[in-house]
Amino acid sequence: RISDADQLPRELLDLIAEARYVAVLSGAGISAESGVPTFREVQTGLWERFSAQDLATVEAYEADPALVWTWYRWRQALIEAVEPNPGHRALAAWQQHLAAGSGRLSISTQNVDDLHERAGSEVLGHLHGAIAAHRCLDCGAEATLPRPEYDGSVPPQNPEEPPTCTACGTGRLRPGVVWFGEMLPMDAFEAAAESVRTADLVLVVGTSGIVQPAASLPLLALERGTPLVEVNPEDTELTEYMDYAVRGGSGQMIPRLLA
Ligand code: BJW
Ligand code: ZN
């Protein structure tokens with residue numbers, strides 16, 4: 001366990017400096033310092049009354065479409081109102097640096113936000129979808145919606161009904177995210193698995209490691225003995241498998257690891 005940013009071990013800094021094929025697996029924590037709330041920590045506003053786990057299912061949506069829809073539109077507005085943080089930016093710079101030297105850094109994220117992209121990274125895959133994408137619950141047709149009108153600073157007071165699909169005329173729109181009980185996009189999952197299998201360093205950032213099957217991806221590194229590094233202020237379900245666990249926020253720690 002390493003918790004002192006000023007005392008990062010030389011072997012870890014060397015490992016990072018020498019890595020050419022890096023697989024990054026990110027979760028909600030990388031966007032925490034941008035102001036996006038994580039899932040399993042003390043919640044505010046709407047999150048105080050409803051747990052993410054109770055809203056992120058198709059059953060929740062069908063039971064109360066307006067509540068779930070409004071909750072997602074609020075979160076989408078919040079994400080659009082914030083900016084990438086130094087953790088996202090440092091990964092983007094590292095990706096450019098490795099690509100220039102004919103290496104590669106791949107980012108597979110569980111996040112439904114686009115903060116990696118807005119920091120300048122190319123993202124290999126969004127394992128749990130994208131909050132700004134929408135499709136019909138019935139016919140699956142994709143829909144483009146205007147940005148939410150509110151700025152995301154406070155939860156909306158009045159739930160609004162989800163729009164009706166213009167393709168089939170009857171279905172309701174849903175956010176393009178992966179809810180509990182749903183399959184992950186196979187291409188994103190397979191690409192993430194391959195990036196871990198072919199990496200010479202795997203960096204796990206800002207995920208509690210609770211939600212499967214994403215949480216099993218870092219373990220593929222164990223097959224080849226690839227070094228695993230975690231950046232997280234807390235211990236996680238994955239910490240015991242790590243070669244290095246850097247304790248701290250990603251916005252502070254990732255730039256230090258690359259300095
Ligand atoms: C910082 C920080 C800073 C803070 N810097 N870090 C039992 C065993 C195994 C599996 C299951 C099981 N029972 C049920 C399942 C399956 C289920 C599952 O895993 N459930 C678990 C809860 C047990 N999984 C599924 O259902 C998945 N699908 C599936 O399995 O399909 C197969 C199948 C289908 C049908 C039938 C049968 C099988 C789908 C999972 C989809 C998850 N979706 C969500 C919601 C997305 C939409 C939305 O945004 O609302 O994805 S849930 C939520 O959790 C979201 C996240 O991507 C995901 C992971 O969360 P994450 O990123 O780890 O965040 P947190 O909040 O948990 O942690 C934040 C971390 O950041 C913490 O560690 C902090 O310390 C840290 N941190 N500040 C760095 N500054
Ligand atoms: Zn439809």
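**Strands, annotated sites and ligand shell in a predicted model**

Me: Which residue in β8 is the bridge partner of Val204?

Reply: In this predicted model, strand β7 covers residues 201-205 and pairs with β8 in the parallel sense over four bridges. Strand β8 itself runs over residues 228-231. Within β8, the bridge partner of Val204 is Glu230.

Me: What is the bridge partner of Val229 in β9?

Reply: Strand β9 spans residues 244-246, and β8 pairs with β9 in the parallel sense over three bridges. On β8, Val229 and Val231 point one way, while Leu228 and Glu230 point the other way, all of them being buried. The partner that Val229 has in β9 is Tyr244.

Me: Is Asn232 buried or exposed?

Reply: Asn232 is in the loop between β8 and β9, and UniProt lists this residue among those of a "binding site" feature in an unreviewed entry. Apart from neighbours within four places in sequence, Asn232 is in contact with Gly29 and Gly206. Since 20 or more other C-beta atoms within 10 Å are required and Asn232 has 25 C-beta neighbours inside 10 Å, the residue counts as buried.

Me: Which residues does Gln110 touch, not counting residues up to four places away in sequence?

Reply: Gln110 belongs to the "binding site" feature that UniProt gives, in an unreviewed entry, for a set including Asn111, Asp113, Thr207 and Ser250. The residue lies in the loop between β2 (104-109) and α7, and counts as buried with 24 C-beta neighbours inside 10 Å. Beyond four places in sequence, Gln110 touches Gly27, Leu127, His128, Thr207 and Ala214.

Me: Which residues are the closest to ligand 1?

Reply: The shell around ligand 1 divides into 16 nonpolar, 14 polar and four charged residues. In total, 34 residues surround ligand 1. The closest of them are Gly27, Gly29, Phe39, Ser208 and Gly249.

Me: What is the largest C-alpha distance among Cys136, Cys139, Cys165 and Cys168?

Reply: UniProt places a "binding site" feature, from an unreviewed entry, at Cys136, Cys139, Cys165 and Cys168. These positions are spread over 33 residues of sequence, yet they cluster in space, with a largest C-alpha distance of 8.5 Å.

Me: Is Cys168 buried or exposed?

Reply: Cys168 sits in the loop between β5 (142-143) and β6 (173-177). Outside four places in sequence, Cys168 is in contact with Cys136, Asp138, Cys139 and Ala141. A residue with 12 or fewer C-beta neighbours falls in the exposed class; Cys168 has 12 inside 10 Å and therefore counts as exposed.

Me: In which helix is Tyr72 found?

Reply: Tyr72 and Arg75 carry a "binding site" feature in UniProt, again from an unreviewed entry. Tyr72 is buried, with 22 other C-beta atoms within 10 Å, and touches Ile131 and Pro175 when residues up to four places away in sequence are not counted. The helix in which Tyr72 is found, residues 65-81, is α5.

Me: How many other C-beta atoms lie within 10 Å of Arg75?

Reply: Like Tyr72, Arg75 lies in helix α5. Arg75 is buried, and the number of other C-beta atoms within 10 Å is 24.

Me: What separates the C-alpha atoms of Leu124 and Phe189?

Reply: Leu124 lies in the loop between α7 (115-118) and β3 (125-126) and is buried, with 21 other C-beta atoms within 10 Å. Its contacts outside four places in sequence are Ser106, Ile107, Ser108, Ala191, Ala192 and Ser195. Leu124 and Phe189 are 65 residues apart along the chain, and the separation of their C-alpha atoms is 9.6 Å.

How values were computed. Residues are numbered from 1 along each chain as its sequence is written. Chains are lettered from A and ligands numbered from 1 in the order in which they are written. This is a predicted model: local features need pLDDT of at least 70, side-chain atom pairs count only at pLDDT 80 or more; totals for chains, interfaces and linings use all residues. UniProt positions are given in the numbering used here, feature names are shortened, and annotations may be inferred rather than shown by experiment. Helices (H or I, at least four residues) and strands (E, at least two) are DSSP runs, numbered from the N terminus. Two residues are in contact if their C-beta atoms, placed from the backbone, lie within 7 Å. A residue is near a molecule or strand if its C-beta atom, placed from the backbone, lies within 6 Å of it. Ala, Val, Leu, Ile, Met, Phe, Trp, Tyr, Cys and Pro count as nonpolar, Asp, Glu, Lys and Arg as charged, and the others, Gly among them, as polar. Two strands pair if DSSP finds at least two bridges between them.
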